[in-house]
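Hi,

Here is the structure I promised to pass on. Have a look at it first, and then read on for what turned up.

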Amino acid sequence: MKEERQAKKLNLKRKWSVLIAVMLVVTMLAGCGAEAQTTFTAPNGTYSIQMDESWSTEDMGDEYTLAIFSKDETRGIIVMQFVKDEWEIGDISEVKDAIEYTYSMNSVASADAPASVPGMTNISADTSGMILEGQSEECYTVYGETDYAYYSIIYIAKKVTDKRLEKFQAVCGTFAESVSQ
């Protein structure tokens, strides 16, 4: 009987050891590749997105525009807000036309929009090219609107890969508008 109890205790200790080892491995794997996130807020304080904390903001001289860039400045995200009460814009297509003209976008093609941009409706997306500071860049642009404003969220990179696009769409999923109407 004593030997039987010792065998059960030993078996229980082994089970707990295996369970703890599995939990440690899962915890370590969950942390792999996950970068710390920070919230980037527009200069006017009315909206924000989250991105890797290694990215930094760049002042665009406009309180409605949030621009963040990777540490090596090879990738960027530019969010532009057009407040409905302040702009004479009829609908989101006028925003799209203005963005394409302003950034001299070329080869514009419709693309799949992100699954979710919190609080936005009429969401659409496209891909395009642009010349930025004399360099050819690829863009993926998301358009949408809230009751308060129209938005464009532009991802710019030398090459927009599937992996980068997936990450950018996740960033779109962190969009948050904070206005009192």
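For sorting residues below, Ala, Val, Leu, Ile, Met, Phe, Trp, Tyr, Cys and Pro count as nonpolar, Asp, Glu, Lys and Arg as charged, and the others, Gly among them, as polar. Also, please keep in mind that this is a predicted model.

The structure has one cavity of 30 Å³ or more, and the largest cavity holds about 50 Å³ of space. Which residues line the largest cavity? They are Met51, Trp55, Arg75, Ile77, Tyr155, Arg164, Lys167 and Phe168. Two elements, β5 (75-83) and α3 (162-172), each give two or more residues to that lining. The largest share is from α3, with three residues. By the grouping above, the lining comes out as five nonpolar residues, three charged and no polar.

Now for the strands. Strand β7 (residues 121-132) pairs with strand β6 (residues 106-111) in the antiparallel sense, over four bridges. If you want a spot to look at there, Ser110 is opposite Asp126 in β7.

β7 also runs antiparallel to strand β8 (residues 135-145), and 10 bridges join these two. What sits between the strands in the hairpin of β7 and β8? There are two residues between them, and in this hairpin Glu133 takes a positive phi near 50 degrees.

Cheers

Note on methods: Residues numbered from 1 in each chain as written. Predicted model: local features only at pLDDT ≥ 70, side-chain atom pairs only at ≥ 80, totals over all residues. Heavy atoms only, no water. 1 Å grid on protein atoms, 1.4 Å probe; cavity = no way out; pocket = protein on both sides within 12 Å on 5 of 7 lines; lining within 4 Å. Points joined across faces, edges and corners; volume = space filled by probe spheres on them. Pairing = 2+ DSSP bridges.
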